[in-house]
Amino acid sequence: MKDYSIETKCVRAGYTPKQGEPCMIPIVQSTTFKYDSTDDMGQLFALEKEGYFYTRLQNPTNDAVAARITALEGGVAGMLTSSGQAANFYAVFNICEAGDHIVAASTIYGGTFNLFGVTMKKLGIDCTFVNPDDPAEEIAKAFRPNTKVMFAETIANPALVVLDIEKFAKLAHDHKVPLIVDNTFATPVNCRPFEWGADIVTHSTSKYMDGHAMQVGGAIVDSGNFDWNAYGDKYHGLTQPDDSYHGVVYTERFGKAAYITKATVQLMRDLGSIPSPQNCFLLSVGLETLALRMERHCYNADRVAHYLNDHEKVSSVIYAGLEGDKYHELAKKYMPKGTCGVISFELKGGREAAVRFMDSLKLATIATHVADAKTMVLHPASHTHRQLNDQQLKEAGVSPGMIRFSVGIENVEDIIADLEQALTNA
Ligand SMILES: *Cc1c(COP(=O)(O)O)cnc(C)c1O
């Protein structure tokens with residue numbers, strides 16, 4: 001689907017029905033698949049023939065949706081996982097093991113920050129967090145001889161820091177490691193990190209890709225551009241025989257699909273975070289309208305950000321679409337069509353005003369979710385960061401009055417009217 005534009009790929013990529021076949025991606029809700037002879041199935045286990053045998057490894061519904069996301073990102077191979085957390089874990093663990101090291105942006109999503117800083121540390125994989133806004137020379141100091149991968153988010157959740165992808169890609173490649181970018185907030189509609197040098201892209205498909213809060217899911221897409229063979233034994237999991245798979249060498253057998261094939265047949269086999277075909281189907285329905293929704297999210301968020309910015313009770317607004325925003329220039333370069341629908345802002349009245357404001361909203365939904373068709377709102381100091389005191393909140397970059405506002409696709413006048421009436425009570 002290389003020739004079609006992104007809007008067309010959202011609707012069409014990954015599945016082309018033949019004569020008399022369903023127009024929608026069929027839900028193949030089956031754990032297993034039938035073969036005629038012992039040898040027919042044996043060849044699948046030997047990775048000598050392609051075919052389905054057990055849904056933990058591959059399923060036609062899941063594969064069609066993975067192919068759609070792969071096409072949207074412009075990659076060569078992709079896979080789906082049962083959550084965004086699983087996607088980021090697999091993406092990194094596929095090329096790291098005990099004794100290895102990761103360099104990651106400090107502004108990444110809290111769940112991923114914990115995964116890298118606490119849980120993967122228990123597996124013997126260390127992570128150094130860097131300030132993504134630091135000059136390249138400063139960030140370069142974080143690399144070690146055992147560094148295997150660099151990781152960041154296109155637009156950080158919830159800090160809304162826009163990544164200088166080219167700076168990060170150069171740093172990664174200068175240190176002979178791939179760059180993984182979590183592209184959840186921008187989506188491939190607004191930014192395709194491969195075009196700026198990223199090697200692997202991940203997603204929490206629970207957010208805009210689904211868009212209707214129907215399923216929790218994740219995706220990994222490989223650009224096929226990183227040369228695993230170029231650095232001796234450094235990526236030996238890909239370039240040396242896999243004993244757990246009859247000595248297969250992934251780069252030899254699968255070429256540019258080596259990384260995703262290994263993650264599928266080894267990590268998914270052993271760790272098993274597969275999404276259900278039903279969930280993948282729901283995701284595919286969401287993807288059909290992704291381009292349309294992103295356009296409206298960005299339009300609405302831009303209007304809301306300007307409205308808030310002009311409001312006397314609002315002390316600050318963080319939204320890269322605003323001219324004065326710290327990340328406005330980077331956003332214009334990497335996301336000329338717009339960033340996303342998520343805004344954060346601060347009320348002059350602090351914590352108490354934030355709570356009064358939230359409780360007065362009639363349309364916006366209070367929920368631990370972002371990037372949805374419905375406008376959703378969260379007060380980090382009362383919710384996601386509730387256990388922290390004011391000093392700890394400050395260190396985490398979350399002020400007591402800060403509100404995370406995920407602008408939906410309702411009529412923007414209705415959203416602004418809701419803000420207006422709630423702000424009078426704030
Ligand atoms: C939500 C989110 C995740 C985690 O995804 P889940 O689907 O909730 O597991 C990872 N990265 C980013 C940027 C997110 O917003």
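Predicted model: local features only at pLDDT ≥ 70, side-chain atom pairs only at ≥ 80, totals over all residues.

Author: Happy to! Residues are numbered from 1 along each chain as its sequence is written, and side-chain values use heavy atoms, with hydrogens and water left out.

Two side chains also take part. Asp-182 places a polar side-chain atom 2.7 Å from a nitrogen atom of the ligand, and an N or O atom in the side chain of Lys-207 is 2.6 Å from a ligand oxygen atom. On its own the ligand has 380 Å² of accessible area, and the protein covers 91% of that (Shrake-Rupley method, 1.4 Å probe; for residues, only the protein chains shown count as cover).

Stepping back to the shell, 15 residues surround the ligand, and Ser-204 and Ser-206 are among the closest, along with Gly-84, Asp-182 and Lys-207; to be near, a residue needs a heavy atom within 4 Å. By class, three of the shell residues are nonpolar, nine polar and three charged. Here Ala, Val, Leu, Ile, Met, Phe, Trp, Tyr, Cys and Pro count as nonpolar, Asp, Glu, Lys and Arg as charged, and the others, Gly among them, as polar. Helix H4 (residues 84-93) gives the most to this shell, with three residues. Helices (H or I, at least four residues) and strands (E, at least two) are DSSP runs, numbered from the N terminus.

And the space itself? The ligand takes up the largest pocket, which holds about 1,200 Å³. A pocket is found on a 1 Å grid over the protein atoms alone, as an open set of points where a 1.4 Å probe fits, with protein on both sides within 12 Å along at least five of seven lines; lining residues have an atom within 4 Å of a point. A molecule sits in one if more than half of its atoms lie within 2 Å of its grid points. The volume is the space filled by probe spheres set on the points, which are joined across faces, edges and corners.

The lining has 49 residues, with Ile-108, Tyr-109, Gly-110, Asn-157 and Pro-158 closest to the pocket's centre. Helix H5 (110-122) is among the elements giving two or more residues, and H5 gives the most, with five. By class, the lining has 18 nonpolar, 23 polar and eight charged residues.

Most peptide bonds are trans. Pro-158 itself lies in the loop between strand E4 (147-153) and helix H7 (165-174).

How values were computed:
Polar contact = N/O pair within 3.5 Å; in protein donor to acceptor, adjacent residues only side chain to side chain.
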